[in-house]
Structures are given as structure tokens and as C-alpha cells.
Amino acid sequence: MREERAGGDEQAKGPSGKPDTRAPSARRGSARRARSGGDALELARALRDDPELSTRFAHWREIPPREEHSVPLPAALHPRLREQLTARGQTRLYTHQAQAIEAALAGEDVLIGTPTASGKTLCYVAPVVQRLLESKGDARALMLFPTKALSQDQSANLNELIAALGENWRSFTYDGDTPPSVRRALRDDGHVVLTNPWMLHAGILPNHAKWSEFFTSLRTIVIDEAHTLCGVFGSSVANVVRRLLRIAEHYHSRPQFILSSATLRDGVEHARALTGRTVRVVDEDGSPAGARVFGVYNPPLLDPVAGLRANALEEARRLALAICGPDRQAIFFCQQRTAVEVLTRYLKECAGSMGLEPDEIRGYRGGYLPLHRREIEDGLRRGAIKIVVSTNALELGVDIGRLDVAVLVGYPGSQASFWQRAGRAGRRGQSSLTVLIARSDPLDQYLAASPSYLFEAPREKLGLDPNNLVILSEQLKCAAFELPFHERDLAQGAFGGAPHVADVLDYLAGESKLLLKRGETWHWMADAYPAQDVPLASGGPDNVLILDAESKKAIGEIDRAGSLTTCHEGAIYQMEGETWKVERFDYENRRAYVRNVDSDYFTEAEVDTSWQLLRVERRGEREREGGGEDYSIWSGEVHVTTLATQYKKIRFYTRENVGCEDIHLPPEELDTQAFVLTLSEQSAEALELVGPERGAAWRSVGSLLRRVAPLFLRCQPSDLGLASEVRSPTFGRPAIVLYDRVQGGVGLTETLFESHRDVVAAALRIVERCACKLGCPACVGPLAEAGALGKPAALRILRHLSQGARPQPRPADAESIQA
Amino acid sequence: MDASFRDRLARLRREAPVRSAAAAPRDAGAAQADDAQASAAQNGVASRHESGADGDVAPGGSPTIASSAREATASASAAPPSHEPSAGDVSESDACLREPRTDDAAAPAAGEAHAPALERRVGAEPSSHHELPAWWKSRVQRSSQAAPLAPAGQRTLGEPGDLREALTPRGAFAVREVRLPLEQRHGLASLERVLDVRAELFLLLTGDERLREFDPRRALFLDIETTGLSGGAGTKAFLVGLGWIEAREFVLWQGFLRGPEEEAALLHEVAERIECAQALVTFFGKTFDRHRLEDKMRVHGVRPPFKDRAHLDLYHPLRALYRPALADARLATLERALCGLLREDDLSGAYAPEAWYDFLAGRPHRLERVFAHNRDDVLSLATLCAHLGGIELASAAAVSGAAPTLQLEWARLRGLARALAQRKRWSECAQVAQAARALAADEHAPELEALVDLALRRSRPRRS
């Protein structure tokens with residue numbers, strides 16, 4: 001419950017209340033530049049004046065301070081709750097908190113979309129607790145969190161508040177870790193249940209009878225970090241929410257929603273897609289912020305011909321030496337786990353030059369064990385930790401307070417993430433500094449050249465399509481298992497008013513024989529537990545445990561996909577500057593045994609993804625003017641294999657490659673739907689796709705289509721996989737393969753088969769209107785990637801594809817594949 | 001497509017359902033998340049059904065049809081998908097959706113008036129029925145589990161015989177009721193002996209005080225057939241077998257769902273009947289039958305009658321007594337060993353769901369054999385209950401009416417001795433353990449000797 005202290009006097013103490021670790025020692029203060037002052041404006045000035053560093057800053061921008069807007073505790077708050085808040089020194093609320101709480105207490109569905117650390121937790125905790133107070137403990141609440149860690153945090157916080165109120169209500173986390181022996185007790189006594197989408201989907205909803213009392217009294221549904229529910233995963237969760245509401249209705253309850261999220265471009269629409277309700281959006285942040293200074297840092301060019309720049313991690317270290325110190329807390333965000341560990345090590349090794357102890361510098365990422373993470377979070381809040389290096393794990397609402405400086409090593413890939421990360425810097429009444437270090441990555445380089453994008457481009461619209469036919473029908477199976485469907489309910493817009501519900505049910509009854517229609521009702525009619533076979537399209541909590549081979553104790557965990565490249569035998573597993581060598585990886589049982597070693601290198605694994613055509617379902621072909629094939633589009637099924645092939649040993653600092661070995665792990669396999677676009681050899685020649693340039697231009701077109709397609713498919717780019725082949729072994733001609741990155745596929749690429757011309761046309765417009773001469777990340781990719789003739793070549797291809805007649809349906813026979 | 005590709009495809013097709021089942025994550029999903037006992041239920045119940053061979057004989061005289069009623073899958077010639085241009089509001093929201101990552105100079109396609117009209121098949125308004133696209137059908141077909149192939153067998157058509165309609169405030173359902181004279185034998189044991197049970201043994205073996213007053217004339221024997229073993233809201237108990245004693249008759253009452261819509265009525269009736277009984281007798285019912293019924297009663301707003309009811313689950317005491325002497329503790333094994341019942345042509349419970357689904361779909365079905373299986377289960381509850389309640393503890397040999405083998409005798413004495421030790425009834429324990437020791441094979445002797453020693457030491461009054 002620390003977040004809501006923001007409104008109290010706790011933070012007003014500022015630097016004066018800091019613990020001893022901050023006290024300057026003899027060694028401290030030897031820092032060379034502006035480290036001494038806490039003021040970010042001065043820090044930025046110093047950086048601009050620095051003869052060496054100033055040249056690396058491509059852009060500066062300052063956002064003026066924002067005043068605090070707060071109001072007294074709302075009158076609608078229950079007296080006992082007011083008493084509690086007052087006792088904690090919280091006599092005022094930020095305006096957004098007050099608005100959200102008042103709306104929620106008035107029964108409205110609310111989405112609170114203010115930045116991290118603006119006290120969002122209180123916005124849903126207060127109404128939930130108030131409902132409990134008003135109902136004398138009868139009301140029930142369900143809280144949905146995207147990760148286990150978040151739910152455990154909040155459970156502790158809630159119990160603290162409930163205990164302070166002197167009540168014996170219980171909130172508990174119900175997830176895969178909950179021991180089966182206590183589940184029954186929890187179901188029967190729990191007032192507030194904190195869980196995750198997977199557990200709700202496969203554990204709670206299919207067994208709703210066991211939760212009948214809970215559902216009967218369900219008053220509030222909280223969805224935290226609602227912006228993480230997007231793409232195919234979010235679309236599945238939206239349907240899980242539909243099932244949840246159907247069950248609540250069966251038990252005669254109509255719970256209200258309180259959603260919390262990052263600031264969204266269109267909160268109302270996102271919330272409607274997710275919950276089917278029209279929510280009141282509260283996103284005017286009333287919390288105060290000092291002036292915010294932004295700098296875009298571009299590492300120097302080492303090789304102008306190849307466009308190669310100094311390593312971003314090395315530059316981050318250099319920057320840290322200039323800006324970090326005992327009087328300031330900084331957070332560094334890296335894109336990869338390995339990068340977090342390497343940078344943590346670098347910074348720990350030069351701690352002395354910043355006037356810090358190595359222990360004041362910590363790494364942080366999802367794979368650390370919960371207690372370990374709690375310790376770091378606590379250190380950050382207390383101010384004992386001066387530097388934390390993190391993955392996106394600290395992008396979500398983990399409570400670490402606000403810091404002075406945020407350094408983003410690489411653009412996080414989306415505006416939403418950029419602002420979430422930047423939002424970690426900025427204390428009450430103090431200025432803050434955010435630096436983006438551009439990597440050699442094309443997109444980063446583009447931003448370094450055109451930084452106005454960062455500040456002017458809106459946050460991405462989140463792709464969410466709860467009516468995706470495959471997702472909908474899979475979820476309808478689960479729903480039909482839970483309760484029968486009646487025609488009259490459908491007429492009244494049951495299941496979120498989704499289209500095709502009756503058609504899908506008829507189909508499931510007629511062809512699939514999963515349902516039986518009797519009269520006006522469809523009944524589940526199969527010996528199966530469908531939720532078990534219907535994935536939510538996002539890994540789920542299926543983690544690999546990292547164990548110390550000596551003590552047999554767990555030191556960390558990692559998701560399954562990540563384990564292939566970080567837990568293979570021989571890998572160096574890094575944690576907070578320490579290196580562990582993986583001795584044995586028990587893939588079957590998801591355990592990696594590691595031994596602590598002093599390694600001067602780290603490892604990077606290479607992954608090989610290959611695909612195989614299983615079946616062609618449809619094909620369209622356009623003929624050349626003089627006859628013969630011009631280009632074809634295909635839809636069908638592919639089998640995608642991802643294999644970790646080998647790993648390189650890379651020395652710290654020098655990045656010298658000191659060895660290379662094979663990895664022996666089974667491949668990850670995916671059977672899914674795909675869309676393929678092929679160009680005939682004749683057309684390829686006519687478009688002058690010859691020589692080495694040809695491959696680059698073709699690949700540019702491929703990645704452009706992959707980037708544009710999600711806008712039409714209402715998904716996230718990460719939901720699509722891509723393979724661009726200049727001479728495809730399968731098709732014997734240039735091919736671009738886009739596939740659904742979900743087992744079985746959810747129809748994204750099927751839709752692409754229909755709308756590929758629109759996607760191609762949109763891609764063409766982007767390239768045509770791009771001001772760059774030779775290609776940039778915003779269009780076909782930077783020169784280094786697309787080649788000198790990449791842009792004109794890509795333009796030719798896109799024009800050719802988007803002009804003229806559409807492809808006509810053709811039989812998809814074996815001969816046409818190997819044309 | 002070459003031949004090896006076709007082979008591979010065919011293999012994938014065949015493997016698909018198997019693989020998906022094997023790969024199904026059970027942890028997070030916690031299919032069994034919900035019940036501490038649910039996984040036990042699965043194991044226990046799965047093993048309780050015989051998986052043995054299936055006979056081919058249909059019940060007396062009914063028309064028999066040998067068939068494998070499988071239907072062809074979706075035709076490939078399904079209607080082509082329709083591509084309605086999107087409605088106004090859709091294109092508007094699509095327009096703001098398009099926001100390529102470019103700055104002004106790069107002039108994105110974002111928000112432009114001529115944003116491409118989207119051919120949205122997904123999420124478009126349904127204009128008519130049966131317009132679902134063919135690709136979707138093949139996708140759904142792939143992900144639907146194929147039902148296990150049922151062995152060919154003799155089947156009947158239409159409603160099972162001898163059903164009458166029962167009316168309740170929640171609607172109607174069907175009942176088959178037969179009255180058997182108590183003298184009738186089930187296996188080698190007669191039903192009559194259930195009148196002679198003593199509660200003593202039940203109390204000793206279960207520790208459940210509510211069984212002290214156990215009265216066979218007020219007991220209800222219960223066994224259900226369900227549409228699946230996995231639990232969850234979609235699993236139905238379509239046949240509920242109840243048995244009780246009325247005067248000199250054993251009443252076998254089988255409540256049956258002629259359709260899923262009759263569920264509430266049947267549950268209502270069953271709840272009332274349980275409510276009127278003094279005790280419930282089941283086999284593995286504390287783990288399975290009770291929870292299946294209780295869950296469904298909650299769904300239908302019927303008050304579950306189980307909480308304050310004495311419930312004798314024969315599985316646990318019988319297992320404690322006889323498991324060491326038998327291959328397993330399944331119902332079929334116990335009834336054969338203890339009551340001399342050898343079922344012929346028993347239909348494995350695993351085929352019960354299929355039988356009911358076949359019946360509902362109007363296909364030839366094997367429900368008669370499910371009824372017979374359920375009848376045998378309920379009658380075995382009575383004979384096994386009689387067996388357990390007929391064990392005389394007072395006699396040192398702790399004899400039982402049935403004629404068990406030496407192995408069974410030894411195992412039972414050992415089980416009783418251990419139960420007595422658990423209740424700290426040391427002097428009786430010493431006596432029974434000694435009797436067990438006398439019958440035990442050499443490898444079990446040390447264990448029993450230790451138990452005798454312990455019991456003797458504890459049964460002596462302590463000297464100060």
C-alpha cells in the first residue's frame with residue numbers, strides 16, 4: 001500500500017530523511033562532474049558542458065514541472081476507511097485518486113490510466129475495502145494480475161489494511177503455487193481473491209460450482225495493468241472475462257469493474273473490448289512532478305561505412321560514471337536479460353569511481369526469486385540502493401518509489417513502454433533526467449536522427465480483437481462447458497454481444513459433436529475439460545527453475561522460451577554480477593543445475609528458426625501480361641521449428657569471441673497457419689531483383705509487411721512470425737512467409753490472405769512518403785540493412801504488388817508450389 | 001506435394017489429438033486446481049472401472065444393431081466466406097488504429113481519409129446463418145478432440161426400457177425402479193445380510209462418530225454414472241443409482257436424464273432422498289460421487305444435503321483391510337474376492353459418456369449395459385457393506401461370514417490390529433495382532449511381532 005503514500009507526507013521528507021548509506025565518506029565525492037547535486041537540471045547542464053559527452057547527445061528536451069492537484073478525502077469514503085488513511089498520514093488524495101474512488105463508489109466502471117507510482121493501487125483497494133465494510137464482510141472481489149509477483153505484493157498490502165481495520169476478512173493469492181490442501185479453505189473463506197488470467201481460465205471458471213458462494217456475492221472485478229492484455233493474449237483474456245460475467249450472471253451478481261493501466265491512447269475502447277462495459281476513464285495525473293529533462297544519447301560512430309557504433313552497454317557505463325553517485329538514485333533499463341547482467345557487472349566493477357559500494361548497485365529482472373526481488377524493491381524505496389539495472393520487469397506497477405534518473409539502453413519498441421520507463425524518474429518537487437541511449441539497431445538510430453517522434457508520436461493503439469473467430473470459438477467451448485447457452489440469452493447480447501455466437505455453437509453441435517442442441521439450448525456434450533486444451537496464447541507460468549548444483553537451492557527461474565538460450569549446458573547464467581555455469585539442464589523436468597564460477601566471459605546462444613509447409617488451403621494467382629504467373633498468395637499450415645544451435649563465449653568489455661560450442665536441446669515446435677506471398681522468377685527479374693541487393697530489398701518488404709499488418713489484424717507485432725526467403729526451397733522463388741505465433745493459429749494470417757492488398761498499399765504509402773533518401777528504419781530499414789538500392793527496389797516491389805489486378809483463386813496443387 | 005510430405009501430414013493428423021492432450025499444461029491451468037481430492041478422484045475412479053474386454057451380448061431381446069456410428073467430417077465444399085465491407089464505425093476505429101512508427105516528415109498512412117477499407121471477416125456483423133469461413137471450420141475441426149473409438153458392440157435404439165416419469169417442482173426426469181426380495185443373491189452373498197451389520201466396525205475403521213447409529217434400514221446406497229471423470233461444471237451425472245431397504249425388499253431406484261435439461265429435476269429429487277436418509281453408503285463417494293453431485297446442485301441452486309449426513313465410504317475401510325492381499329482395491333476386485341461376484345459382460349464405466357451421448361443423438365447406444373453396470377454397483381454396495389459390518393471383532397479370529405482365503409484372513413486381521421492400535425484399544429489390538437501373526441507369511445512376521453509387542457506393552461497398566 002505504499003503507492004498511495006504519495007498523497008501523504010512521507011515523500012515530502014525528500015532527501016533529508018535518507019539513511020546513513022548516503023552519508024558522504026572520504027572516498028565518496030571523488031566523482032568528477034556534476035554528481036554532487038540532486039538537481040537534474042544542473043546535471044543536464046553539466047552534461048551539455050562536458051566536452052566529451054556533449055557531442056554524444058543528439059537532442060535535449062525539457063518538460064516543465066507539473067503541480068500537485070489534491071483534494072481532501074472524499075466524503076463518500078467510509079468513516080473507518082478515512083480513519084485508517086488519516087492514521088497513515090494520508091489526509092488528502094490526488095485529484096485522479098479522488099475521481100476514481102468517487103466514481104467507483106458511485107457504482108461506475110472505472111479505468112484509471114495514470115503513470116506508474118501515481119497511487120493507482122488505492123483507487124481499487126479503497127472501493128473494494130469499502131464494499132466489505134458496507135456489507136459487513138459479505139461482498140467479494142476478484143483481482144486479476146498479469147504476473148504472480150504482482151498478485152503476491154498486493155495480497156500482503158490488502159491484508160495489512162484489513163488487519164489495521166481490525167477485521168478478519170481474508171485476501172489471498174490463488175494461483176498454481178497455492179497448495180491444493182488449502183484451496184478449499186480459501187474458496188470458502190476468501191473475501192478478496194487475487195489471481196491471474198491462466199488460473200481464472202482453467203482453474204476457477206470451469207469449477208464455478210465450487211465457487212458458487214463467491215460468485216453470488218461478487219461485487220468488484222479489478223484488472224490491474226490492463227494495458228498488458230493486448231494482442232492474441234489479450235483477446236483471449238477478454239473472452240475469459242466474458243465467461244466470468246456469464247457465470248456471475250448465473251449466480252445473480254453484476255460486479256463492477258475497476259481497471260488500472262498505463263496511460264492509454266483510447267482507454268474507453270480498450271476497456272470496452274476487454275470487459276464489454278463503457279468505463280469512465282480517469283487519466284489526468286494529479287500527482288506532482290518536477291521539471292523533466294530528456295536527452296537522446298547516440299554512441300559515437302566507430303565505422304562510418306558499416307554504420308557501426310560504440311557498444312551501448314559500454315556507453316551506458318560511461319554515462320553512469322558521469323551521472324551516478326551517492327546522492328542520486330538511477331534506474332537503467334535494458335532490452336535483454338543478458339544485457340541487464342552485463343551492465344550490472346560493469347557498474348559494480350566501477351562502483352568506486354562513482355563513490356558507491358558494489359552492493360548499492362543491483363540487477364533486477366523477472367527471473368530473480370520473489371524474496372530476492374522484494375529485498376531489492378525495499379532497498380530502492382529506502383534509498384539504500386543507488387543504481388538498479390532492470391528489464392521491463394520494473395515497467396509494471398512494482399512499488400519502488402520514484403527515482404532521479406532513468407536511462408533507457410535502447411528504445412523499448414513502443415511509445416507506451418518508453419513513457420512507462422521514463423515515468424520511473426521524477427520525485428515530488430524535484431527535477432528528473434531521462435536519457436535514451438540509441439543502439440546500433442535501425443529503429444534506435446532512426447529515433448536519434450528524428451527524436452521528435454519520441455515526444456510527439458502518440459502511444460500505440462493496443463491491438464485487441466475479442467471477436468477473433470478462432471479465439472472466440474475456442475473460448476465458447478469453455479463457456480459452453482461451464483453453463484449451457486440459451487437462444488434467448490444470445491438475443492439479449494450474451495457473451496459480450498459477440499457476433500457469430502449462434503453459428504459457432506451450431507457448428508460445435510453439428511460438426512464437432514461437442515455440444516447438443518435441445519430445443520433452444522446448447523448443452524456441453526463431451527467427455528472433456530476444454531479449458532485444459534485451450535491455451536491463452538501466452539506461455540503461462542511454465543518456468544524453468546535454476547538450482548545451485550551444490551546446495552540444490554533455487555537461485556532463480558526463467559520462462560521456457562528463454563531457457564533455451566540461457567540454460568543450455570555450458571551457458572553462463574548471470575545474476576547481479578555473479579557468474580554461474582550451467583552444468584546440467586533437465587529440460588523435461590524444467591530444472592537447470594548451475595555452479596558458481598568466476599567467468600571472464602558470458603555466453604550468447606544462436607537460435608535457428610525454420611519452417612516447413614504442411615498443407616496449402618487456398619491460393620490466389622495473378623498472371624503476367626504476356627501470360628505466366630506474376631505473383632501468388634497462399635494460405636495454409638506450416639510447421640515452425642525453433643532450435644538453439646550453438647553458443648558463443650564472449651569476453652566481458654572487449655566482446656571478443658573466445659569460443660563457440662553446440663547446444664543439444666530439443667526444438668520448440670509450432671504448428672500454425674501461415675500466409676505466403678511468392679513472386680515468380682520472371683517478375684523478380686523484371687523488377688530488377690538481381691544480385692546481392694535483391695535479398696536485402698525483399699527482406700525489407702517482408703519486415704515492413706509484418707510491421708504494418710497488425711494494424712489491420714488487431715493484434716500485436718509479436719503475434720506474427722516472419723520468414724523472408726529470396727529463393728525459397730519450398731516454393732523455388734522469392735517468398736515472404738507470415739505465420740501466427742500461436743499453436744494452431746488464430747486466423748490472423750487467414751485474414752491477411754483477404755486483406756493483403758490493403759497491407760501492401762499501406763506499406764507502400766509509408767515508403768513513398770518517407771523523407772529519407774536511402775532508406776531508414778521507419779520505412780525499408782536503414783542503409784546498412786536494406787542496401788544502397790534497397791529503397792528504390794522495395795518501392796518497385798510494393799508498387800508492382802499494389803497496382804493492377806487482384807490475384808484470382810487458383811487450385812493449390814503440388815505443381816504450383818514448386819513452380 | 002511429395003509422398004514423404006503426405007506421410008508426415010498424415011502422421012501429424014493422427015497424432016494431433018494425442019499430442020494436444022499430452023501437452024496440455026495441467027499445472028497453471030490446474031485443471032484439477034480446484035479440488036484437493038480431484039486428482040485422487042481421477043486416479044481412484046479411473047481404476048475403479050474395469051477396463052477389461054467388452055462383451056457383445058445385448059440385454060434380453062432388444063433389437064440389436066452393430067454399428068460404429070461415425071459421421072463424416074465437414075465437407076470441403078462449404079459456402080465461401082462472405083466479405084462484408086466494414087461498417088462506418090469499424091472503419092473509423094480502424095483509422096485510428098493505423099499509426100505507423102514515423103514522424104511527420106515520413107508522413108505515415110495514419111488516420112488518412114483514404115484508409116483502406118478492411119475486409120473484416122472476423123468481427124463483422126453476422127448477416128446470415130452458416131457463413132462461417134471454411135478455413136475456420138477446418139481449424140476448429142483440428143482442435144476438437146476426436147472421441148475414443150468405441151469397440152463395436154450390440155446396441156439398442158431409443159429410450160431404455162421400464163422408465164417412468166417422475167415429477168418434481170424443478171421439472172421431470174425418468175426413473176427405473178425395481179424391487180428385489182432381500183433373499184436374492186448378488187454373487188454368492190445375499191442382500192439380506194445387510195440387516196445384520198454392526199456399526200462397531202464402521203466406527204473403528206473410519207473414526208466417524210456419526211456412523212455409531214448406523215441403521216441399515218435407513219441407509220441409502222448411492223452410485224452415479226457421469227459424462228466424464230474430470231469434474232468441472234460441464235460434467236453431468238446422467239444416471240444416479242440409489243438403493244434402500246423397504247420391509248423385505250431391496251429397492252433399486254435409478255434416476256435417469258433423458259436430456260441435459262432434466263438435470264435440475266433429478267438433482268432436486270436426489271437431494272431430497274439423501275435428506276431423508278440417515279446415512280449414505282458409497283464406494284469412493286467421498287472423493288467422487290459426492291463432489292460431482294454437490295457441484296451440480298450448487299449450479300442449479302439445489303441445497304446440497306451432504307454436509308451433516310453420515311457417509312460411509314466403503315473404499316477406505318475395505319482398502320485398509322484387504323489391499324495387502326489383493327492386486328488392487330477396485331470395486332470389481334473387492335466384490336469378486338469378498339462377495340463372490342463375477343460380472344459378465346460388464347460395460348466399462350469409461351464408455352458411459354459415449355452411451356449417453358449416443359442416446360441423446362438418437363444413435364444406437366449401450367445404455368442398457370450402463371444401467372446394468374450401475375445396478376451391479378449399487379447392489380455391491382449393499383453386499384460389501386454387509387461384509388464389512390458383519391466382521392465380528394469380539395472373536396479373536398475376527399471371522400466374517402464370507403469365506404475368504406487365508407491371505408484375506410491374514411490381511412484383515414492385520415488391518416484390524418492396526419486400526420485398533422490407531423484407536424489405542426491396545427488389549428484388543430494385541431489379541432488380533434497375535435491372530436494375524438499366526439497366519440502371516442514370514443516376510444510379514446516382524447511387522448506384526450512389533451505390533452504385538454507394542455500393544456502388549458501399552459495394554460499393561462503402567463507401573464510407577
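**Close-up 1. The buried residues of helix α8 in chain B of this predicted model are B:Y315, B:P317, B:L318, B:A320, B:L321 and B:Y322.** Helix α8(B) spans residues 315-322, and with six of its eight residues buried, it ends up largely enclosed by the rest of the structure. What do the buried residues of α8(B) pack against? Their partners, again in chain B, are α5 (199-206), β11 (310-313), α9 (331-339), α11 (367-389) and α12 (406-422).

**Close-up 2. Helices α6 (residues 263-276) and α7 (residues 289-299) of chain B pack with their axes 10 Å apart.** The angle here is about 120°, so α6(B) and α7(B) count as oblique to each other. In passing α7(B), α6(B) makes a left-handed crossing. On the α6(B) side, the contact is made by B:E263, B:L267, B:V270 and B:A271, while α7(B) brings in B:L293, B:K296 and B:M297. Sort that contact by class and you get five nonpolar residues, two charged ones and no polar ones.

**Close-up 3. Seven strands of chain A form an open sheet with mixed pairing.** Reading across, the order goes β1-β11-β18-β17-β14-β16-β15. At the edges stand β1 (57-63) and β15 (361-364) of chain A; each has a single partner strand, so one side of each is left without a neighbour in the sheet. Ignoring direction, neighbouring strands are turned by 15° against each other on average. Zoom in on β17 (residues 405-409) and β18 (residues 432-437) of chain A, and you'll find a parallel pair joined by five bridges. Which residue of β18(A) is the bridge partner of A:V407? That's A:V435. Helix α1 (residues 40-49) of chain A packs on this sheet, where it touches β1, β11 (292-297), β17 and β18 of chain A. The direction of α1(A) makes about 30° with that of β11(A).

**Close-up 4. A:A310 sits in the loop between β13 (308-309) and α11 (312-323) of chain A.** Is A:A310 buried, exposed or partly exposed? It has 15 other C-beta atoms within 10 Å, so A:A310 comes out as partly exposed. Skip the neighbours within four places in sequence, and A:A310 is in contact with A:P299, A:P300, A:L302 and A:E315. As for A:H191, 119 residues away from A:A310 along the chain, the C-alpha atoms of the two are separated by 55 Å.

How values were computed: Residues numbered from 1 in each chain as written. Chains lettered and ligands numbered in written order. Predicted model: local features only at pLDDT ≥ 70, side-chain atom pairs only at ≥ 80, totals over all residues. Axes fitted to C-alpha atoms, helices over the stretch in contact; angles between N-to-C directions. Helix = DSSP H or I, 4+ residues; strand = E, 2+ residues; numbered from the N terminus. Parallel < 35°, antiparallel > 145°, perpendicular 65-115°, else oblique. Left-handed = near helix turned anticlockwise from the far one by under 90°. Contact = placed C-beta atoms within 7 Å. Nonpolar A, V, L, I, M, F, W, Y, C, P; charged D, E, K, R; others polar. Buried ≥ 20, exposed ≤ 12 C-beta atoms within 10 Å, placed from the backbone. Pairing = 2+ DSSP bridges.
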